[in-house]
Amino acid sequence: GLPAGLALDTAGVLSGTPSAAGSSSFTVGATDANACSGTLAYTIVTAAAPPPPPVCGTITLTPTTLPGATVGVAFNQVFTGNDGVSPYAFGVTTGGVPAGLALTAAGVLSGTPTTAGSSSFTVGATDANACSGTLAYTIVTAAAPVPPAVCPTITLVPATLPGAPLGQAFNQTITAGGGGAPYSFGLATGALPSGLTLTAAGALAGTPDTAGAFPFTVRATDSAGCSNTHAYSIDIFLLPAVPALPLVAAILLTCLLTVIGLASLRRQGREGSVPR
């Protein structure tokens, strides 16, 4: 028998829409104009229908706006997708990013702008279920400031960064000195731990979600366009496990008995010192 939903006509066309999964074995015969005939056995395996595509919600992107850029100053911005299923793939759907910048599929917009002006473009994010969302952005790129004849030595503080517990909120401000305020900060090389971001004001903050050591270099640029970099490494570590409740209870009980014992000894000592 043919698979349910299929039919074979006398012209040899086997067609239709299968309606049930399974294996169907059958033999087809062909007879020519002289009434000569032949047969051949066939088997068709009908697979189950693929699951229907998911119902897509509204995929949103963050951040909702982008900071300005400056010609000759490194720029770095990470986009994230929300309200969908990770991982997300990012791309520019309309318009164009500023000359010198590029957007990766992981959502990192980085590079060094080469031309002043305003650039409008739309970024699209597609999640693991092929659901997508877009958001329009504009970046205003300022002309490069005229540097002085000799740049001062700009230093970044702190010299090292503390470790950060995995899954805990982290906040560290990087400052600069030796040049002219205000300073602009950006990632020069490497990558920040997943979950952390660095603002142009030097705020390194977020909630890290991956353990490990992460080296990167931060660039500080002063108001005159003078800059310097400093290499950092941040260690994202797991917090020690909290003792189980029975162990905590045993520790507390031991402490309580010790306190009671000491109090009893002191009371006995006082009673023994009273003249009879």
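1. A search of the whole structure, which is a predicted model, finds 5 aromatic pairs, where rings of Phe, Tyr and Trp (its six-membered ring) pair if their centres lie within 6.5 Å, and planes under 30 degrees apart count as stacked, over 60 as edge-to-face and the rest as tilted. One of these is the edge-to-face pair of phenylalanine 79 and tyrosine 137, with 5.1 Å centre to centre and 65° between the planes. Because phenylalanine 79 lies in the loop between strand 7 (75–78) and strand 8 (80–82), and tyrosine 137 in strand 13 (residues 132–142), the pair ties together parts that are 58 residues apart in sequence. Strands here are DSSP runs (E, at least two residues), numbered from the N terminus.

2. Both partners are buried (under 20% relative accessible area, with a 1.4 Å probe and protein chains only): phenylalanine 79 has 2% relative accessibility, and tyrosine 137 has a relative accessible area of 3%. Ring pairs also bring in Phe121, linking Phe79, Phe121 and Tyr137 into a cluster.

3. An open sheet of 4 strands has the order 15-22-21-18 and mixed pairing, two strands being paired if DSSP finds at least two bridges between them. Strand 15 (164–165) and strand 18 (184–190) each have a single partner strand and stand at the edges, so one side of each is left without a neighbour in the sheet. Strand 21 (residues 212–221) and strand 22 (residues 227–237) pair in the antiparallel sense over 10 bridges, and valine 218 has histidine 230 in strand 22 as its bridge partner.

4. Leaving aside neighbours within four places in sequence, leucine 204 is in contact (heavy atoms within 4.5 Å) with residues including Leu161, Phe170, Leu192, Leu198 and Phe216.

5. Two points on the basis of these values deserve a reader's attention. Residues are numbered from 1 along each chain as its sequence is written, and side-chain values use heavy atoms, with hydrogens and water left out. In this predicted model local features need pLDDT of at least 70 and side-chain atom pairs count only at pLDDT 80 or more, whereas totals for chains, interfaces and linings use all residues.

How values were computed
Buried < 20%, exposed > 50% of the residue type's maximum accessible area, 1.4 Å probe, protein only.
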